[in-house]
Amino acid sequence: MRVVVYGAGQLAQMMYLAGSPLGIEVQAVDVNNDSVVHPVSKTPLDTTLAQALESADALTVEFEHVPERLLDEAAKTGKLMPDIASILVGADRVREKKLLDSMQVPNCEHRIVTHPDQLADCVDALGDKLILKASRDGYDGYGQWRLTDKADLPKLTQAMSQLNLAEVPLVVEKMMAFDRELSLIGVRNKQGDIRTYPLAENLHHQGQLHVSVAPATQVDDELQRKAHDIFVKLAEGMDYVGVLAVELFQCGDTLLVNELAPRVHNSGHWTQSGAVTSQFENHLRAVCGLPLGDTSAIGPSAMVNIIGCSSFSRDLLSIDGSHLHWYGKSVREKRKMGHINVTAKSYVELGEKLEQLGQFLPLSFFPKLVDEAARLKA
């Protein structure tokens, strides 16, 4: 079987590695020049994009921001999974909010803004603590602004007047006093079978995910069921095929959907070592029409992103249960260079291993690691 992935980054690379034992060949498309490349070496393959689409059993994406002309071309083959509508929801926050509201899925109270003058109405409706998000092309903390004091509204309105909000509207959300950020990775195959992984707890710094712990601590059966039910409603309502990530705010016993990612996701990397079947393998199983794999956790695990840094000791592999995943990129500030998965038999042991991990890492690049190690050990 052959799967063509739009995008040639680390997610396509990890799909390739997961597909190889299954006999699934994965090719990647560099969307900057429409070339078909090897997902690991990035070497151009001896095939045109048209030929690759023709010979593929399934087409999929590693990120939402694939040029729409390429998605249109892929959709015409009838092989694109998830479908184009689902991918575009992940690429446009306005579409995302409309989908959530149409399905009556709880999410943050919000307004859509197409002109700076509408910001005053948002303050009247939502209060003076707001998060403003560009509806497109914003990720990892980019394309976001905050209002924490009504006195700053004129300055913020002036800043927004420099943007073309008619072309790229803002989603303005009420700033929620949530307890923590969680995410649910789930998968649905072509036959409609659904499986979800245990909830993961996510720690962010400057808008970027730094550490995920799964299964999340202090999650009872009822909270997991609520998250599962949200996933089922979304996946069935969208007729979704593949892995879908649902990012959530926990407010007491309530779960609010923050964002959707129609693909394998950073907060699901822990599944490579911490679950019976990784999200990458299950995504390939789903789009190829194969039975889904077991999504149970093997034990407590953590994923630590390596961001903007390449100077660390590979001796971290001396920690039992540690696994390094390096993406082979050139170093750039805030760029995800790789990640480390750590597994343990208990949360206390996991905290101890994260503490050990800090001995091999420049901690200025890992601001959440020490705090999370201490929390798990407590």
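In what order do the four strands of the open sheet lie, and what is the sense of their pairing? The order is β3-β2-β1-β4, and the pairing is mixed. Helices (H or I, at least four residues) and strands (E, at least two) are DSSP runs, numbered from the N terminus, and two strands are taken to pair if DSSP finds at least two bridges between them. The model is a predicted one, in which local features need pLDDT of at least 70 and side-chain atom pairs count only at pLDDT 80 or more, whereas totals for chains, interfaces and linings use all residues. Residues are numbered from 1 along each chain as its sequence is written, and side-chain values use heavy atoms, with hydrogens and water left out.

Axes are lines fitted to C-alpha atoms, for helices over the stretch in contact, and angles run from 0 to 180 degrees between N-to-C directions. Three bridges join β2 and β3 in the antiparallel sense, and within this pairing Val29 has Val36 of β3 as its bridge partner. Helix α10 packs on the sheet, where it touches β1, β2 and β4, and its direction makes about 140° with that of β4.

The largest nonpolar core has 34 residues, of which Val3, Trp270, Phe280 and Val287 touch the most other members. A nonpolar core is here a set of buried Ala, Val, Leu, Ile, Met, Phe, Trp, Tyr and Cys residues joined through side-chain atoms within 4.5 Å; buried means under 20% relative accessible area, exposed over 50%, and partly exposed in between (1.4 Å probe, protein chains only). At least two residues of this core come from each of β1 (2-6), α1 (10-19), β2 (25-30), β9 (180-188), β12 (208-214), β13 (242-251) and α10 (279-287). The greatest contribution, five residues, is that of α1. Another core, of 25 residues, lies apart from this one and includes Val105, Leu184, Leu255 and Leu260. Beyond its neighbours within four places in sequence, Phe280 is in contact (heavy atoms within 4.5 Å) with Leu11, Met14, Met15, Ala18, Val264, His269 and Gln272.

In helix α3 (residues 68-75), the buried residues are Leu70, Leu71 and Ala74. These residues lie on the same side of α3, because they cover an arc of only 100° around the axis, the arc being that of the directions from the helix axis to the C-beta atoms. They pack against β1, α2 (49-55), β4 (58-61) and α4 (84-91).

Strand β6 (residues 130-134) is mostly covered, with five of its five residues buried. Leu130, Leu132 and Ala134 point one way from the strand, and Ile131 and Lys133 point the other way. Strand β7 (residues 144-147) pairs with β6 in the antiparallel sense over four bridges, Leu147 of β7 being the bridge partner of Leu130. Strand β8 (residues 170-174) also runs antiparallel to β6, to which it is joined by five bridges; in β8, Val171 stands opposite Lys133.

The whole structure contains 18 salt bridges, each defined as a side-chain nitrogen of Lys or Arg within 4 Å of a carboxyl oxygen of Asp or Glu. One of them joins the side chains of Glu201 and Arg180 (2.9 Å, N to O). This pair links distant parts of the chain, with Glu201 in strand β11 (residues 200-205) and Arg180 in strand β9, 21 residues apart. Glu201 counts as buried at 9% relative accessibility, and Arg180 is buried at 10%.

A salt bridge between Glu355 and Lys377 has its closest N and O atoms 2.9 Å apart. It too links distant parts of the chain, as Glu355 belongs to helix α11 (residues 347-357) and Lys377 to helix α12 (residues 369-377), 22 residues apart. Glu355 is partly exposed, with a relative accessible area of 43%, and Lys377 is partly exposed at 33%. Within α12, Glu372 and Arg375 are three residues apart and therefore separated by about one helical turn; the closest N and O atoms of their salt bridge are 2.7 Å apart. Glu372 is buried, with a relative accessible area of 2%, whereas Arg375 is partly exposed at 32%. Asp92, Arg95, Arg136 and Glu167 are linked in a network of salt bridges.
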